[in-house]
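Thank you all for coming; I would like to walk you through one structure this morning. Please have a look at it first, and then we can go through it together.

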Amino acid sequence: MEKSNLNNLMKRIQKDRDEMAFSEIFDFFAPKINAYFIQNRIKIESSEELTQEVLSTVWVKSNLYDPAKSALSTWIFTCLLYTSDAADERSSVDLGGRRI
């Protein structure tokens, strides 16, 4: 998806709380976010939950996104990092009684 299209979708979310625009952003970014968590050894169940949290944050805090300051993907992955940091303990992998 092109950067301009992503920005237009985000503008629709910011201005009108457009659920269809959010659905498109969700469908585009959810697999990427989930893959990030899985690659970082987050359990699949937790990765799906964390993906939902990240994209919920995007919806709730959409008014904070400024395309003049960063690309939408950068802003979303910043949300991902904050969500990931906050959830480290509950989503760590259990290896035979040891948590990593």
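Let me begin with a definition: the expected span of a helix is 1.5 Å times one less than its number of residues, and helices themselves (H or I, at least four residues), like strands (E, at least two), are DSSP runs numbered from the N terminus. This is a predicted model, in which local features need pLDDT of at least 70 and side-chain atom pairs count only at pLDDT 80 or more, while totals for chains, interfaces and linings use all residues. Residues are numbered from 1 along each chain as its sequence is written, and side-chain values use heavy atoms, with hydrogens and water left out.

The protein chain has four helices and two strands, which follow one another along the sequence as α-α-α-α-β-β.

Let us take H1, whose 14 residues should span 20 Å at 1.5 Å a residue, and this agrees with its end C-alpha atoms, which are 20 Å apart. Which residues of H1 are buried? They are Leu6, Asn7, Leu9, Met10 and Ile13, where buried means under 20% relative accessible area with a 1.4 Å probe, counting protein chains only. Because these residues cover an arc of only 160° around the axis, they lie on the same side of H1, the arc being that of the directions from the helix axis to the C-beta atoms. Just after H1, Arg17 takes a positive phi of about 55°.

Turning to Ile25, and leaving aside residues up to four places away in sequence, we find that Ile25 touches Leu6, Leu9, Met10, Ile13, Leu72 and Ile76, with contact meaning heavy atoms within 4.5 Å.

Methods. Buried < 20%, exposed > 50% of the residue type's maximum accessible area, 1.4 Å probe, protein only.
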